[in-house]
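Welcome! Please take a moment to look over the sequence and the model before reading on.

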Amino acid sequence: MDGLRQFAGLFFAETTTPEALRDAYGKRPISILVVPGHDNISSGTAFGTLSESDLNLEMAYGLARVFESNPDFTVAVTRREQDGGYQEWFAEYQEREGEAITRFIEEKRKIFREAVEQGFVERHVAVERTDAPSRVAFDLYTVNKYAIDNGIDIVLHLHWNDYAGRRPRQVGKYSGFAIYVPDKEMPNARASRALAQNIAARLSHFFAPSDMPLEKGVIVEDQELIAVGSNASQERASLLIEYGYIYESQFLDRAVRAVILKELAHQTEWGLVDFFTTETSEVTPGIASILPYRWEESLSLPARDSEGVLALQAALALEGLYPPDGRSKNDCPISGNFGPCTRAALANFQEKYRAEILEPIGLKRGTGTFGKMTAETLNRRFGE
Ligand SMILES: [Zn+2]
């Protein structure tokens with residue numbers, strides 16, 4: 001067995017490489033297939049009136065708009081924006097290819113099982129899951145085969161996470177984002193992981209990494225998720241992004257959510273563009289799509305669900321002041337809510353720019369309250 005084991009990870013030839021993807025960039029549009037998780041039949045998780053399936057759809061079209069305005073990419077979404085149903089082209093493909101998809105699934109499962117039995121592939125089960133119900137599995141394998149047949153470059157599956165132990169109206173224990181990628185044995189592993197790293201680097205400027213122990217490090221290899229290609233069923237780069245936990249406050253208010261999803265979409269796009277345009281893995285400087293922003297000096301604090309506070313938190317994050325020392329991004333999310341985290345960070349901002357903000361009015365310490373001097377300094381730095 002040991003003689004065979006050394007081949008683990010090499011059994012499946014690479015079907016997509018970071019090098020080939022980078023080489024194609026700028027020569028032809030890079031095609032992205034966005035798959036908003038779940039559908040109108042099974043809607044995933046929920047919090048109050050917010051259903052994950054709807055949230056995934058809203059995010060998918062946020063991403064689609066961002067990629068549509070970039071000529072280096074083409075983008076398609078598997079479900080319709082207006083009613084969440086499957087696109088006609090997707091339903092037609094599934095109808096036409098039904099038997100071929102069934103054979104595809106059986107063949108991939110068989111080859112993978114045999115490869116494991118013969119010791120060519122190591123079995124890695126990170127999270128014990130019950131198998132996806134057969135209809136859902138069939139839809140996901142349909143996505144994989146569609147992506148292969150149609151030369152899609154990158155598949156992005158969008159989801160929100162949930163904490164299994166919580167009561168319906170309670171928020172759960174964890175927060176933050178995670179990106180699932182194919183296990184290293186898989187033929188699409190290396191390219192998928194490289195993309196995930198660039199996206200994670202961008203998201204991390206503003207958004208908390210998941211604090212769930214199994215998602216430590218943000219990028220999670222998985223051998224079981226059909227979405228990223230279980231049974232070596234996906235040849236194209238494929239990621240499953242959990243943008244957060246569904247009960248996090250910044251996703252609940254409609255107006256705040258719109259701003260946050262737009263920010264998530266831009267950071268995701270910038271991460272992908274980084275992958276194609278930067279040679280090094282150096283940390284990219286942060287930029288936020290919510291900025292520039294012009295603050296009114298009359299911004300009254302504390303405020304909840306406020307765009308002014310969202311922009312303030314993003315600006316403070318770029319200043320390296322938010323979250324304040326000793327607090328994590330999970331403790332202090334970009335939420336649009338002004339509380340102790342933002343007050344402390346704002347006080348530090350006032351002290352950082354004391355000559356502009358504090359000295360003219362004879363103060364020594366930052367107060368964390370919002371006034372004319374603070375608004376002017378923010379507007380000078382982040383207002384255009
Ligand atoms: Zn989900």
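**The whole protein**

Keep in mind as you look around that this is a predicted model. Twelve helices and eight strands make up the list of secondary-structure elements in the protein. For 384 residues, a compact globule would have a radius of gyration near 21 Å, and the protein has 23 Å, so the two agree.

Where they touch, domain 1 contributes twelve residues and domain 2 contributes twelve residues. On the domain 1 side of this contact, five residues are nonpolar, five are polar and two are charged.

The table sets out the two pairs.

| Helix pair | Residues | Angle | Axes apart |
|---|---|---|---|
| α3 and α8 | 52-68 and 254-277 | about 50° | 9 Å |
| α9 and α10 | 307-318 and 340-352 | about 55° | 10 Å |

Begin with α3 and α8, whose packing angle is about 50°. These two helices are therefore oblique to each other, and their crossing is right-handed. From α3, the contact draws on Glu58, Met59, Gly62, Leu63, Val66 and Phe67, while α8 supplies Leu261, Lys262, Leu264, Ala265, His266, Thr268 and Glu269. Sorted by class, the contact of α3 with α8 has seven nonpolar, three polar and three charged residues.

Next come α9 and α10, which pack at about 55° with their axes 10 Å apart. That angle makes α9 oblique to α10. What is the handedness of the crossing of α9 and α10? The crossing is left-handed. On the α9 side the contact is made by Val309, Leu312, Gln313 and Leu316, and on the α10 side by Thr342, Ala345, Leu346 and Phe349. How many nonpolar, polar and charged residues does the contact of α9 with α10 have? Here there are six nonpolar and two polar residues, with no charged ones.

To find these places in the viewer, you could start with α3 at residues 52-68 and α8 at residues 254-277, then move along to α9 at residues 307-318 and α10 at residues 340-352.

Notes. Residues are numbered from 1 along each chain as its sequence is written. This is a predicted model: local features need pLDDT of at least 70, side-chain atom pairs count only at pLDDT 80 or more; totals for chains, interfaces and linings use all residues. Axes are lines fitted to C-alpha atoms, for helices over the stretch in contact, and angles run from 0 to 180 degrees between N-to-C directions. Helices (H or I, at least four residues) and strands (E, at least two) are DSSP runs, numbered from the N terminus. Angles under 35 degrees count as roughly parallel, over 145 as roughly antiparallel, 65 to 115 as roughly perpendicular and the rest as oblique. A crossing is left-handed if the near helix is turned anticlockwise from the far one by less than a right angle, and right-handed if clockwise. Two residues are in contact if their C-beta atoms, placed from the backbone, lie within 7 Å. Ala, Val, Leu, Ile, Met, Phe, Trp, Tyr, Cys and Pro count as nonpolar, Asp, Glu, Lys and Arg as charged, and the others, Gly among them, as polar. The radius of gyration is taken over C-alpha atoms; the globule rule is 2.2 Å times the number of residues to the power 0.38.
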